[in-house]
Amino acid sequence: MKLGGPARWLAEAASKDDAQELYKFATDKNIPFLIIGQGSNIVWRDEGFAGLIIVNKILGREVLSDDSSGVTIRVGAGENWDEVVGRAVDNGWSGIEFLSKIPGTAGAAPVQNIGAYGAELSETLVEVEAYDTQTDSFGSILNEACQFSYRNSRFKSKDKNRFMITGIILRLKKSLPEPPFYESLTKYFEEHGVTNYTPTSVREAVTAIRAVKLPDPSVVANNGSFFTNPFVNKEHFEKLKESYPDIKGWPTPEGKVKLAAGWLVEQAGFKGIHDQDTGMATWQDQALVLVNEHGRKTADLLAFKQKVVFKVDELFGVVLEQEPELLP
Ligand code: EPU
């Protein structure tokens with residue numbers, strides 16, 4: 001977002017030993033620390049951070065097993081996520097092609113259980129390898145123990161900053177991706193006459209859709225979706241439908257309804273808005289993406305966010321939750 005104050009110290013961890021050493025440095029000197037990947041899903045506070053930022057740069061790629069149905073691979077936490085996806089697709093391995101072009105590192109992917117176009121990392125992740133600062137040991141956390149849910153895991157909630165993720169293990173398939181696909185993907189395939197569904201054709205489609213809808217963070221300062229899609233109960237949804245017959249909602253197995261935050265923000269009049277007071281904007285093709293045009297302070301971003309949250313709550317009785325992490 002091109003916002004936030006400076007950190008007192010910053011160091012890169014290129015190996016597991018580095019990670020442990022940096023942790024010990026911080027604890028010995030009683031310095032607070034934070035572990036990050038590429039920072040693409042972080043909003044930094046204006047005050048900065050009077051501690052140590054550890055940038056996870058642990059690389060590595062390995063095929064652990066390979067059989068007729070698929071492969072199991074290990075990826076270093078500091079690897080660029082989209083390069084991991086690209087290599088998997090080039091090998092014809094399926095499972096993460098839907099997660100193409102998501103900014104950030106492989107090690108950050110399980111933290112918020114990245115998801116897009118109908119897939120979530122939790123569907124292919126076997127285990128997370130990490131240094132546990134609580135027990136001062138390296139170990140593995142199996143998928144079932146990661147407490148994955150929509151855009152969440154124990155690494156983002158109850159065990160925030162406890163583990164330094166060193167690698168992830170994924171199980172990818174050799175079979176082809178099968179319909180039904182996510183709505184916008186189906187539409188893309190129809191419009192482009194694609195009937196051959198392969199990891200490559202899915203990656204191409206996702207890449208093209210994202211290029212149209214989402215701003216490139218290396219060009220336009222943004223954190224991707226700024227709000228998570230909210231869940232409401234059925235009664236709330238039915239009531240909203242009476243006033244807004246076009247409202248989008250997807251029932252969940254738990255009996256709730258997931259709403260499209262982008263739709264709510266757009267209906268609240270915030271799509272393609274350029275807010276002069278704060279220098280912030282919402283993206284013209286995806287209202288869920290907040291963009292820093294000429295804001296100088298995180299306070300500006302949070303003030304703009306508040307305007308959006310307030311209006312959406314006023315109209316729909318839904319309080320949107322921020323998706324990128326506010327740190328420290
Ligand atoms: N919509 C609108 N107006 C908008 C934006 C969306 O009406 O301005 C409607 C769309 O028409 C569609 C629905 O909302 O019916 C969902 O939109 P979209 O498919 O674009 O997905 P999303 O729910 O807005 C989520 C993820 C994205 C991911 C896409 C595609 C979250 C918070 N965001 O967005 O992830 O790329 O699905 O699967 O779950 C990210 O996390 O940074 C991110 C970009």
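This is a predicted model: local features need pLDDT of at least 70, side-chain atom pairs count only at pLDDT 80 or more; totals for chains, interfaces and linings use all residues.
Residues are numbered from 1 along each chain as its sequence is written, and side-chain values use heavy atoms, with hydrogens and water left out.

Let us stay with S100 for a moment. S100 belongs to the loop between α2 and β7 (115–116); helices (H or I, at least four residues) and strands (E, at least two) are DSSP runs numbered from the N terminus. With a relative accessible area of 0%, S100 is buried, where buried means under 20% relative accessible area, exposed over 50% and partly exposed in between (1.4 Å probe, protein chains only). Apart from neighbours within four places in sequence, S100 is in contact (heavy atoms within 4.5 Å) with D82, V85, R203, V206, T207 and R210.

Helix α2 (residues 81–90) is mostly covered, with seven of its 10 residues buried. At the N-terminal end, N80 caps α2 through a side-chain oxygen 3.0 Å from the backbone nitrogen of D82. Just past the helix, G92 has a positive phi of about 80°.

Helix α3 (residues 183–191) buries S184, L185, Y188 and F189. Viewed down the α3 axis, these buried residues fall within an arc of 140°, so they line one face of the helix; the arc is that of the directions from the helix axis to the C-beta atoms. E183, K187, E190 and E191 are exposed on the face turned away from that buried side. The buried residues of α3 pack against α4 (199–213). Just after α3 comes G193, with a positive phi of about 60°.

N223 counts as buried because its relative accessibility is 6%. A polar atom of its side chain lies 2.8 Å from the backbone oxygen of S40, and the backbone oxygen of I42 is 3.4 Å from a polar atom of that side chain.

Now for the ligand, which is surrounded by 24 residues, the closest being Y117, Y150, R151, Y182 and E266; a residue is near it if one of its heavy atoms lies within 4 Å.

| Residue | Protein atom | Distance to a ligand oxygen |
|---|---|---|
| S225 | polar backbone atom | 2.8 Å |
| N229 | polar side-chain atom | 2.9 Å |
| A287 | backbone N or O atom | 2.8 Å |

Taken alone, the ligand exposes 810 Å², and the protein buries 87% of that, by the Shrake-Rupley method with a 1.4 Å probe. At least two shell residues come from each of α4, β12 (222–225), α6 (261–267) and β18 (286–292).

Notes: A polar contact is a pair of N or O atoms within 3.5 Å; within protein, one must be able to donate a hydrogen and the other to accept it, and residues adjacent in sequence count only if both atoms are side-chain atoms.
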